[in-house]
Amino acid sequence: MNDPHIEYWFDFASPYSYLATLRIEALARARGLRVAWRPLLLGPIFRSAGWDSSPFLQQPVKFAWMWTDLERQCARHGLPWRKPSQFPRNSLLPARIALANEDAPWIATFCTRVFELNFVHDTEMNDVAAMHGVLDALGLPADELIARSQSPDAKQALREQTERAAQRGLFGAPSFFVGDDLYWGNDQLEDALDAAACRT
């Protein structure tokens, strides 16, 4: 059965994933595509490349430019933006929740709200109270979903998800897979969507 879709791989701590997250659903829908949400943690991938944290932090000049670029991009797309006072923020808990529910009908809205905590409201994501607030606002069973995300199975699933991403050649986020073809970066979102649409 034909299932035209694009795989969207992201880390909640990634500022360029914030840009992609707030744009991808509408752009995919306009092309008749479904978004397959694929949360992961970039930390292990960066460490395997010999970096302790985001590559942007290795180059102070590039790091400073990144914030300027993000402000420009958000203004261009009419998206709210506030530079986070802490970067990168821990995103373990929301990543586990998202992975356990990546096929849920509310996954896009949940991910958007989590990204907004970090890049609009400059507040913590890796916090039970914060996740409770997001899930409550969506009318979801917060206690149940958070408890499930803290189970050994959920923890292992996120480790395996990140390992699978690395095995497929992913090295940063946002990343998009169209079949086995990898597209990297918010600036390649439209190219990836167009390629996926051509396969329908």
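Select E160 to begin: at 38% relative accessibility, E160 counts as partly exposed, where buried means under 20% relative accessible area, exposed over 50% and partly exposed in between, with a 1.4 Å probe and protein chains only. E160 is found in helix α8 (residues 152-167). Helices (H or I, at least four residues) and strands (E, at least two) are DSSP runs, numbered from the N terminus. The C-alpha atoms of E160 and P174 are separated by 18 Å, with the two residues 14 apart along the chain.

This is a predicted model, in which local features need pLDDT of at least 70 and side-chain atom pairs count only at pLDDT 80 or more, while totals for chains, interfaces and linings use all residues. Residues are numbered from 1 along each chain as its sequence is written, and side-chain values use heavy atoms, with hydrogens and water left out.

Is T162 buried or exposed? At 6% relative accessibility, T162 counts as buried. Contact means heavy atoms within 4.5 Å.

Next, select A147 in helix α7 (residues 142-149). A147 has a relative accessible area of 47% and is partly exposed. Draw a distance from A147 to L42: their C-alpha atoms are separated by 23 Å, and the residues are 105 apart along the chain.

**The sheet**

Switch to a cartoon view and colour the strands. Four strands form an open sheet in the order β2-β1-β3-β4, with mixed pairing. β2 (34-39) and β4 (181-184) stand at the edges with a single partner strand each, so one side of each has no neighbour in the sheet. On average, neighbouring strands of this sheet are turned by 25° against each other, direction ignored. Axes are lines fitted to C-alpha atoms, for helices over the stretch in contact, and angles run from 0 to 180 degrees between N-to-C directions. Two strands pair if DSSP finds at least two bridges between them. Strands of a sheet pair through backbone hydrogen bonds, either parallel or antiparallel.

Select β1 (residues 5-10) and β3 (residues 175-178): they run antiparallel and are joined by three bridges. W9 stands opposite S175 in β3. How many bridges join β1 to β2? Six bridges do, and β1 and β2 run parallel. On that side, select E7, which stands opposite A36 in β2. β1 is mostly covered, five of its six residues being buried.

**The helix across the sheet**

Select α9 (residues 189-198). Helix α9 lies across β1, β3 and β4 and runs at about 15° to β3. Colour L189, A192, L193 and A196, the buried residues of α9. Seen down the axis of α9, these buried residues fall within an arc of 100°, so they line one face of the helix; the arc is that of the directions from the helix axis to the C-beta atoms. They pack against β1, α1 (15-30), β3 and β4. C198, in contrast, counts as exposed at 69% relative accessibility.

**Aromatic pairs**

Show the rings of Phe, Tyr and Trp (its six-membered ring), which pair if their centres lie within 6.5 Å; planes under 30 degrees apart count as stacked, over 60 as edge-to-face and the rest as tilted. By this rule the count comes to 19 aromatic pairs. One of them is F10 with F115, a tilted pair at 6.1 Å centre to centre and 50° between the planes. F10 lies in strand β1 and F115 in helix α5 (residues 107-119), so the pair ties together parts 105 residues apart in sequence. F10 is buried at 1% relative accessibility, and F115 is buried at 0%.

Then select F63 and W67: their ring centres are 5.6 Å apart and their planes are at 65°, so the pair is edge-to-face. Being four residues apart in helix α3 (residues 60-77), F63 and W67 are separated by about one helical turn. W67 counts as buried, at 8% relative accessibility.

**Cysteines**

Finish with the sulfur atoms. The structure holds zero disulfides, a disulfide being a pair of cysteine sulfur atoms within 2.5 Å. Select C111: the nearest cysteine sulfur, that of C74, is 17 Å away. C111 is buried, with a relative accessible area of 0%.
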